[in-house]
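Have the viewer open and follow along.

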Amino acid sequence: MTESLAPHFMGETMDKLVLSRRQILASSAVAGSMALFAEGAGAAIPAPAPLPTTEPLGSQIAPGDDTVWIDGTPPPAHEGMSWGQPWPRGTRLSKSGYVLQGAGGTAEAVQTWPLAYWPDGSIKWTGHAIAANGGLSKGLTVVPGKGKLAAGLSVRESSDAVIVTVGDTVWTIGRSGEALIRSASAGGREVLQTVRLVASAQDRADDEGNGAPVVSRWTSAIDKAEVEQSGPLRAVVRVSGKHAGSEGEWLPFTARLYFHAGSASVRIVHSMVFDGDPAKRFIRGLGLEGAVPMHDAPYDRHVRIAGEDGGLLGEAVMPLTGLRRDPGKAFRTAQVAGEKVPPLDQMAATVREKLQYIPTWGDFRLRQPNADGFSIIKRTKPGCGWIDVDSAGRAPGLGYIGGASGGVAFGMHDFWQRCPVGLDITDAASDTARFAVWYHAPDAPAMDLRFYHDVMGMETYEKQNLGLDVTYEDYEPGWGDAMGIARTMEFRLWALPATPRANGWRRWPTPSPSRRA
């Protein structure tokens, strides 16, 4: 998340977000740097204006009140913004649209839609969206007008898919099957495939002592995908379905995919509902996973995992640094930067002739089991041992896998606060790597959603009142049932044309729980 627009009357409250809205990522599609932006969580909400009591419907098209950045100053970059704008009673909706006007008289295009009306039919709230890196100034005001679009996005629908094009980034969303995002390309090259939801559960608790539990697995099965907004600056696609597996279907889900003009990322807001028997379904894993085609040679493939306080694990799948023999400064410099190395005929022969003996690291794993610490481990491939890499306190939840010709960055909002969580990168040395973002890590203890006590003799209302007389809890049979509880997560994916430079990622101060507007 990064800063957001907000009213001045909320400034002193909202600017106390300990997880600053500029902290997650800084992004540029050209340079490959990133910014993780929570467009809905902290959207622009200008201060309500006084309500005129005498003006009739349709008598005015008034400018909105000043809109300010929550942190007091604009962020260096953002991935797109949406917010709600209140209007005084009697204001009619501008048919020509609205613009975001700066203090210097500049007018920036916004996407607008009505949200609510006063009883007399006048407009009460409008929704607005701007492109990535828009509104980067102070003294902003929403006013009627028609802005010029420098760049937009387009949405094309077919019977089987929804295709969203943002500049040279193309996203294909499935209307059926298991993949929420079937593919994404950057600069004409496919960098992402088969993004789907995954879940696993076991049939008994870990500590019941009655044999090993049986684990079952499910993946997302889409029922419907519909376009809720189609641009020109923001597109929203709603995907709904259930998790399906050999044990049938369960865990209904809804995922909204948000795209903004000028951004190479998609924000995914995903909600799922628990609809199983908590005495028979103990959730082991919940996550989002995807595949990444690996076009580059192993020494041009790269892994990035963000750590605490600006730390960053940046490694090549086949490292050319730290060897007994030096391949040459140009090779070491390019690889550390995440750039394509020079032609091999320029490499020192003492290394070039023995490249096949350099291990390739295919699997990386970050786990945050609690709020106090995370660890990163790696291995070359299944069947070989895991090696400890690093550990620290609180991970922000961001990774990248790809090569010099492109790849995918992936992140989850409020990462360490959702522990036990994790990030996985697997098969990075193969033709297709995979990544996973776990909002319940599959190697963590299973979720136990059973109520913490039984009926305790309180079958009747009389005995339930006696129980309430001695404890604070108002108990009735069934009140503690987990059936129907929901959970919402926010993910973001970037389709990038190149590996982000190791020194180009923004510093990430230690996050802490964020507040929702």
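## Strand β6 and its two partners

In this predicted model, strand β6 (residues 98-101) pairs with strand β10 (residues 140-144) in the antiparallel sense, over 4 bridges. Strands here are DSSP runs of E, at least two residues long, numbered from the N terminus, and two of them pair if DSSP finds at least two bridges between them. On the other pairing, 3 bridges join β6 to strand β7 (residues 107-109), and these run antiparallel too.

## The turn at Gly 105

β6 and β7 make a hairpin with 5 residues between them. Gly 105 sits in that loop and has a positive phi of about 90°. Is Gly 105 buried or exposed? At 52% relative accessibility, it counts as exposed (the cut-off is over 50%; buried is under 20% and partly exposed is in between, with a 1.4 Å probe and protein chains only). From Gly 105 to Leu 140 the C-alpha to C-alpha distance is 9.6 Å, although they're 35 residues apart in sequence.

## A three-stranded open sheet

Next up is an open sheet of 3 strands, in the order β5-β9-β8, with antiparallel pairing. β5 (81-86) and β8 (111-117) are at the edges with a single partner strand each, so one side of each has no neighbour in the sheet. Ignoring direction, neighbouring strands are turned by 20° against each other on average (angles come from lines fitted to C-alpha atoms and run from 0 to 180 degrees between N-to-C directions).

β8 and strand β9 (residues 123-130) run antiparallel and are joined by 6 bridges. If you want a spot to look at, Tyr 117 stands opposite Ile 123 in β9.

## Two nonpolar cores

The largest nonpolar core has 66 residues, and Trp 171, Leu 192, Phe 259, Ile 401 and Leu 493 touch the most other members. A core here is a set of buried Ala, Val, Leu, Ile, Met, Phe, Trp, Tyr and Cys residues joined through side-chain atoms within 4.5 Å. Apart from this one lies another core, of 11 residues, among them Trp 69, Ile 123, Leu 140 and Val 142.

## Reading the numbers

Residues are numbered from 1 along each chain as its sequence is written, and side-chain values use heavy atoms, with hydrogens and water left out. As the model is predicted, local features need pLDDT of at least 70 and side-chain atom pairs count only at pLDDT 80 or more, while totals for chains, interfaces and linings use all residues.
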